[in-house]
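Please work through the following exercises with the sequence and the structure side by side, and try each task before you read its solution.

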Amino acid sequence: MKKALAVLALLACIALPSFAAVTDTMFNIGLQNSSSVMTIDPESKGDVFKFELGLQADFNMIFDDGPGFDVALTAEQNFSSLELGVYYAHKVDVKDNFDIVVMAGPTFQLTGDFAIGADVKVNFLIDITRDFYVNIGTGALMDIVEFPKHGDPVTHFAIEIPLPSVALGLRF
């Protein structure tokens, strides 16, 4: 027990100074795919365009107006699908009221059959006020491997390119 407390104290000593350099902490909530999605899938049988509507909540933390991380939770198809994304994020200040955030990282399908993917996203942040902004973004969402409940893992590479998602964000 003493070792666990010592490790926890050491991690806190390392982590707390890095949070002192946080320049932006942001929370977004909005529609992930507000319209059709184009799927590039070699095993597809002609079902290239499909309609999906999902709700996504993001939490971003940016350090020194540059690198940071993003954690996103996405619910799709009447909340029958839940996905967790953990991304490296990099924010670029373009103008006083306009920023770009580029993100890349793994995703994990949490409901149904467990699956792993990777996403690359670009979000455009348009400030309405100092603390409130609109987030418009798109990217490439890649499915890589699926672990069915019954059977062996299935590698299945597919790329989805969603039309721009729209979210409202709050900086604090």
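**Before you start.** This is a predicted model, in which local features need pLDDT of at least 70 and side-chain atom pairs count only at pLDDT 80 or more, while totals for chains, interfaces and linings use all residues. Residues are numbered from 1 along each chain as its sequence is written, and side-chain values use heavy atoms, with hydrogens and water left out.

**Exercise 1.** Locate L170 and decide whether L170 is buried, partly exposed or exposed.

*Solution.* Begin with the element: L170 lies in strand β11, where a strand is a DSSP run (E, at least two residues) numbered from the N terminus. Next, apply the classes, which are buried under 20% relative accessible area, exposed over 50%, and partly exposed in between (1.4 Å probe, protein chains only). L170 has 41% relative accessibility and is therefore partly exposed.

**Exercise 2.** Find the salt bridges that K91 forms with D93 and with D99, and classify the residues involved.

*Solution.* Recall that side chains of opposite charge can pair when their charged atoms come close. A salt bridge requires a side-chain nitrogen of Lys or Arg within 4 Å of a carboxyl oxygen of Asp or Glu. For K91 and D93 the closest N and O atoms are 3.6 Å apart, and for K91 and D99 they are 3.8 Å apart. K91 is buried because its relative accessibility is 5%, and D99 is buried at 4%, whereas D93 is partly exposed at 44%.

Key. Helix = DSSP H or I, 4+ residues; strand = E, 2+ residues; numbered from the N terminus.
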